[in-house]
Amino acid sequence: MAAIGIDLGGTDIKGAIVSGDGQILLQKKTATHPEEGAEGVVDRIVELAESLCITHGTQMGDTLGVGVGVPGVTRQDGTVVIAPNLDWHYVPLKQMLADRLEQTAVELDNDANVAALAEARAGAGEGCQSLALLTLGTGIGGGIIIDGRVHHGSSYSAGEIGHMVVLPDGPICGCGKAGCLEAISATRGMVDFAQAGLDNGRESTLSGTDLTPKAICDAASEGDILGRATVDHVAKYIGIAVANLINILSPNVVAIGGGISAAGNLMLDPIVASAEANTLEGMFEHTRIELACLGNDAGSIGAAYLVI
Ligand code: ZN
């Protein structure tokens with residue numbers, strides 16, 4: 001039997017029919033229009049799920065259920081506590097969907113947790129019991145899978161790897177604390193590091209007007225010394241976070257995904273070197289550190305796994 005995975009974002013809602021072994025059989029998307037409120041978004045999720053069933057030739061009641069990945073903080077009862085991109089506060093999303101999809105099961109979870117679940121079951125960690133995922137982008141998302149399931153912890157919010165403090169008294173993070181991994185190694189921190197180099201007169205092919213993680217990685221791959229130094233700086237702190245994850249969790253796999261990871265081995269190699277240098281002896285070789293492999297599909301595949 002197949003399941004429906006919904007990847008709810010601030011701009012688009014992506015949906016997929018996913019087979020029991022994590023293969024996408026059919027995909028569709030629709031605009032989110034969060035300005036129309038939670039009721040409107042629920043309407044569009046239900047319409048998308050129904051449209052997927054019709055095109056696939058399946059009855060909603062014959063699916064394993066509908067799983068939803070949400071860009072925000074969720075609770076066990078299916079309430080979305082806060083979702084900044086949707087401007088949601090305490091929206092009882094699971095109940096709202098269950099009222100409309102009575103024929104089948106409904107589950108939801110945070111989008112980073114859901115992506116980690118997809119990578120653990122059908123991606124970089126396929127066949128493994130435990131995995132930690134870091135998604136590098138404008139922020140750093142994280143999810144932890146233990147014994148094949150999302151680890152939520154006592155607050156239900158576990159897995160905030162981006163807010164691991166890796167540099168006490170370091171740059172201020174969006175969360176208000178100092179020295180979080182996200183403040184150093186997400187887009188803003190990476191660009192700021194390169195900009196500071198330019199401001200200090202370091203020679204580089206980079207220019208201050210078009211500094212992006214991609215431009216920095218491209219320059220690094222062409223031998224630009226400031227580009228290389230920026231990649232190494234960002235990777236060093238990601239590696240420290242990975243070492244902490246290995247020391248504490250000893251997972252089978254640590255997967256690195258998100259936009260910045262598109263640089264591939266250019267970014268992965270110094271992350272692995274830093275992780276090895278900072279992991280307790282005897283532990284490092286028991287964890288594989290790999291690029292995530294499901295890309296943008298991780299959201300809908302992982303959401304489906306909530307009901308598979
Ligand atoms: Zn933080």
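Is Glu107 buried, partly exposed or exposed? Glu107 is partly exposed, with a relative accessible area of 31%; buried means under 20% relative accessible area, exposed over 50%, and partly exposed in between (1.4 Å probe, protein chains only).

The model is predicted: local features need pLDDT of at least 70, side-chain atom pairs count only at pLDDT 80 or more, and totals for chains, interfaces and linings use all residues. Residues are numbered from 1 along each chain as its sequence is written, and side-chain values use heavy atoms, with hydrogens and water left out.

1. Salt bridge of Glu107. The side chain of Glu107 forms a salt bridge with that of Lys94, at 3.4 Å from N to O. The pair links distant parts of the chain, 13 residues apart: Glu107 is in strand 8 (residues 106–110) and Lys94 in helix 2 (residues 93–100). A salt bridge here is a side-chain nitrogen of Lys or Arg within 4 Å of a carboxyl oxygen of Asp or Glu. Helices (H or I, at least four residues) and strands (E, at least two) are DSSP runs, numbered from the N terminus. Lys94 is partly exposed, with a relative accessible area of 22%.

2. Other salt bridges. The whole structure holds nine salt bridges. One of them joins Arg228 to Asp232, whose closest N and O atoms are 3.0 Å apart. Both residues lie in helix 7 (residues 225–249), four residues apart, which is about one turn of the helix. Arg228 is partly exposed at 29%, and Asp232 is partly exposed at 34%. Arg44 forms a salt bridge with Glu36, with 3.1 Å between the closest N and O atoms. Arg44 is buried, with a relative accessible area of 13%.

3. A buried charge. Glu182, in helix 4 (residues 181–185), is buried yet has no salt bridge. The nearest side chain of opposite charge, Arg188, is 11 Å away; Lys and Arg count as positive and Asp and Glu as negative, while His and the chain ends are not counted. A polar atom of the Glu182 side chain lies 2.9 Å from the backbone nitrogen of Ile140. Not counting residues up to four places away in sequence, Glu182 touches Gly139, Ile140, Gly162, His163 and Cys173, where contact means heavy atoms within 4.5 Å.

4. Cys173 is buried at 6% relative accessibility, whereas Cys175 is partly exposed at 40%.

5. Positive phi. Most residues other than glycine have a negative phi. Asp87 has a positive phi near 60 degrees and lies in the loop between strand 6 (80–83) and strand 7 (88–91). Asp87 is exposed at 61% relative accessibility. Asp147 also has a positive phi, of about 50 degrees, and lies in the loop between strand 10 (140–146) and strand 11 (149–150). Asp147 is exposed, with a relative accessible area of 58%.

Technical notes: Polar contact = N/O pair within 3.5 Å; in protein donor to acceptor, adjacent residues only side chain to side chain.
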